[in-house]
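Student: Could you show me how to read salt bridges and chain contacts in a model like this one?

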Amino acid sequence: MSAKLLQVKNLRTSFFTDAGEVKAVNGLSFDLEKGKVLGIVGESGSGKSVTAYSILRILPETGKIIGGEILLDGEDITKYSKKEMREIRGCRIGIIFQDPMTSLNPVYTIGSQITEAILLHTDRTRAQAAARAVEMLALVGVNEPARRVKQYPHELSGGMRQRVMIAMALSCEPDILIADEPTTALDVTIQAQILELMQELQKKLGMAIIMITHDLGVIADMCDEIVVMYGGRICERGSADDIFYNPRHEYTKGLLHSIPSAAKLDEKLVPIGGSPIDMLNMPKGCPFFARCDRAMKICLDEPPEEIEINPGHFASCWVNVQQMLDDEKAAGGAEEAGQ
Amino acid sequence: MWKYVVKRIALAIVTIFIIITITFFAMNAIPGGPFQKEKSPLPAVQAVLEERFNLDKPLIVQFGLYLRNMFRGDFGISLKTGREISAIIGESFAISAKIGAAAIITALLPGLIFGSAAALMRNKWPDRLIIFSSTVFVSVPSFVLATILLLVFSLKLGWVPVWSIKNPSYILPIVALALYPMSYITRLTKSSMLDVLNQDYIRTARSKGVAERWVIFKHALRNALLPVITYLGPMAAYILTGSLVVETVFTIGGLGTKFVSGITNRDYPMIMATTIFLAVLMVIMTLLSDLVYKLVDPKIKFE
Amino acid sequence: MESGKLPKKNLLSMQIDLSKFTPASDEDKQQVDIMRESTTFFRDGMRKLFKNPLAVASLAALLLIIIAIFVAPLVCPYGYDDMIEVNGVRDRTAKNLPPMTYSENEKAFIAEGGKVFPHFFGTDQLCRDYFIRVVYATRVSLAVGLFASIIVLIIGLTYGAISGYFGGKVDLIMMRIVDIIYSLPDMLMIILLAVVLDPILGSALSGTVLASLGTNMISIFVVFGLLYWVSEARLVRGQILSIKENDYIMAAKAMGAKSGRIIKRHVLPNCMSVIFISIALQIPAAIFTESFLSFVGLGVQAPMPSLGSLANAAREGLQSYPYKLVFPSLVICFIVLSFNLLGDGLRDAFDPKLRR
């Protein structure tokens, strides 16, 4: 069994705004193993990006981790001091963001921005760091890296900027790379290139990846394990096969059904009914209650407990509990009958 | 970028030419003309004027000659005193320039510091205090401020002596001139900083493990400065016009006082020359501030 | 859909009410589905504005001042140009009285049983009641500020709207002109124009209504009309350009709406917020300019007072009669501060970027 690199246990992060407390992440648990790719799927507002920011503790002013643990190699980093967190950021965990245009500082060259990261976390001299920056650019497939290093972000195309972000995030060889919707802001053809690049780099450098996205296609391609989130809670988690072939949460099922398929051109599109949840007025029970076809009264009152469907495959849904109880009853009845 | 620089300088030159033209022809619309052909204070002065300014020639020719004289540094003589205007401008501007430059620095540096402090300590008491004072000061016209300062510090309390050439005291006029731009810059810096601190690249910097103080001084400030640089031109213009009143109130022998007394005395050649001088100065300062901005913003550098 | 094997472990840490495993009804779901009430942009902005205590206070203060300047002359028996009279005789002892005092003659009159309206702000060196002078000065300054802003608004709005809506070559030329005008130093041009117009128009205007305002005011309005509208025009044009890009304009066109209708129904309402803010900030700027000019002696003609000219006149006896400076100065600062706070409040309330 490979070592668990990252363990998130019952993470709860809230934003304290003028309008009230927004429970962006409300009891999230998952594990990440060395060298594996974990995908976090969900709509906007489901809490997936907030999870990433919580791990690195780069939440905006109004955000705060109010509960749970994040264990990196066994140590709870939610208890780390600011200085200790700074040592982790960029060094043990790197992150790339959704919009590469706004994520790079417009008044500094891309070379200096990469070099900054290298100088922060390694012992290299300026000259060595600069050389390393050029190396990294070459590694991520930026052409003419020696020339590009002196350019400013606005001189590069979207795809290239994202490559620069990746170079920057990986420059200190972190154990984990978090990718927060890395392809959403890019053209479709560039998307494919970036994803390919990430897979290559993963094979070469062996880091674990947390891929955050709302695009199931991306997930299907790359991920070993998948976590599905809605309204700040986890709906379901398991291996890619588990999720795609045996979904056990109504939300997951809805997502899978709503994917238009080129093979079934005549079929009507099947959206998930209702509107996205208002994070300021979260219901007591399951966040998906109002949109769920199989909702029960208990779903309104009690947040569903997570139960293990199969080894490694967990779902948080009362329907599964109900099924289990029915099965038990049937098995009990059969036993009695067979007596 | 060089294309831009050339275009901008050309625009400035056109503007200056327009100003000189407007001023000259406007002044000549006054019955009797700027040199008051009909009623001159001193016959000796009148003779000099006729000779030097060819007042009997057609207006267009006069205009050409005026321009030529201007390039030679000859602005004519004051109707009131008969002195060479270029000499008057020369010595009085030296004083005004000193005060003006000091005011610019006094406005800029504290403004940037207070504004950044307010942004960083948002919603805490330093922020509220700074913003409150800035808002109040931005509503006080320079002449009101100047007069009140004079009243309180010079006349009532006697802390600061009244200005004279032998005993020049610059502190009150500098404060009176600088307070409005300083408050404006404070507010501008705060909102610019807040804007910048919300940007994605600040989050990127933090995610790389950059220490918070460098996130602010290296990543944020450099970007937050850009709108402030845009303000440099208008600020220079404000200080220039403000100096007219401030110098008058504090009875300082600078160009502002000379200009105002020229207006009161209807010393037309003085008014004409000073208007042109000040206007050209303003255009040049606006030009400089525009160019500095373009220089500093890399997005424009390479177009 | 296939169901997997459910492990037979003992469920559940807590007691579950098994009766709740019944399907939920639609009413249950309604509970959760609260939609936020929809409001228009304008109403939303106004609501935010009125929640801002400073903005509301400024609005109230301005209204108070406006009421005061209309009511005061009805209540106070003195004219702004009248020398104080006691019993019909000019009172020369009423010179430079401090606030709330009476002159020798007035004291004697009161002793005999007469009534004298108090001098709230004292009197000036020409024996005129200062309070009423300040009131009239406020009227003049506000009126100048208002008219100047209206002139700027009309010209700037029209110019900017045309330039922005039609775009292309029209826009290019119009903006070039704006650029050149923008680079002219306004204050100097005003001074120049005032100096020049004074002897030219002086004689032409005597006897007309405008004479009481003076040629300087005319020149102020002329220059405002010629120069100050440019920033307004730029603002409006910028707004229009960004609105034009918006899809809802294309949608309206696709539905067959004509240009004029598009401008009226879609473009202008969205500019409104920008326009309001600009007016709120334009008025104090105009008042600043007017008081500055009056201070330099190029403002409203005496005996008509303006806040700037009163402040200037107060410089003469500054040490002995400081109150003469304090009152008009306070009024100017108060008015400008209120407009600035109101403008700030408007900007905060209507700026969509500031939504949290």
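This is a predicted model: local features need pLDDT of at least 70, side-chain atom pairs count only at pLDDT 80 or more; totals for chains, interfaces and linings use all residues.

Student: Which parts of chain A does the salt bridge between A:R294 and A:E250 tie together?

Tutor: That bridge has an N to O distance of 3.8 Å. A:R294 sits in the loop between α11 (250-258) and α12 (297-301) of chain A, while A:E250 belongs to helix α11, so the pair ties together parts that are 44 residues apart in sequence. The accessibility of the two partners is worth a look: A:R294 is partly exposed at 40%, whereas A:E250 counts as buried at 13%.

Student: What does the pair C:D179 and C:R234 link?

Tutor: Those side chains form a salt bridge of 2.6 Å, N to O. C:D179 is in helix α6 (residues 168-182) and C:R234 in helix α9 (residues 215-245), both of chain C, so the bridge joins parts 55 residues apart in sequence. C:D179 is partly exposed at 23%, and C:R234 is partly exposed at 30%. Salt bridges can also share partners, and in chain A this joins A:D73, A:R92 and A:D175 into one network.

Student: Now the interface. How much area do chain C and chain B bury between them?

Tutor: The size of an interface is often given as the accessible area lost when the parts come together. Chain C and chain B bury about 3,500 Å² between them, with 81% of it on carbon and sulfur atoms. In chain C, the residues that lose the most area to chain B are C:L188, C:L192 and C:F288, together 16% of what that side buries.

Student: How many salt bridges and polar contacts are counted between these chains?

Tutor: There is one salt bridge, and three residue pairs are in polar contact. The salt bridge pairs B:R187 with C:D344, whose closest N and O atoms are 3.2 Å apart.

Student: Which helix gives the largest share of the chain C side?

Tutor: That is α7(C), with 10 residues. By class, this side has 26 nonpolar, five polar and four charged residues.

Definitions and conventions:
Residues are numbered from 1 along each chain as its sequence is written. Chains are lettered from A and ligands numbered from 1 in the order in which they are written. Side-chain values use heavy atoms; hydrogens and water are left out. A salt bridge is a side-chain nitrogen of Lys or Arg within 4 Å of a carboxyl oxygen of Asp or Glu. Helices (H or I, at least four residues) and strands (E, at least two) are DSSP runs, numbered from the N terminus. Buried means under 20% relative accessible area, exposed over 50%, partly exposed in between (1.4 Å probe, protein chains only). Buried area is the accessible area (1.4 Å probe) that two parts lose on being put together, summed over both. A polar contact is a pair of N or O atoms within 3.5 Å; within protein, one must be able to donate a hydrogen and the other to accept it, and residues adjacent in sequence count only if both atoms are side-chain atoms. Ala, Val, Leu, Ile, Met, Phe, Trp, Tyr, Cys and Pro count as nonpolar, Asp, Glu, Lys and Arg as charged, and the others, Gly among them, as polar.
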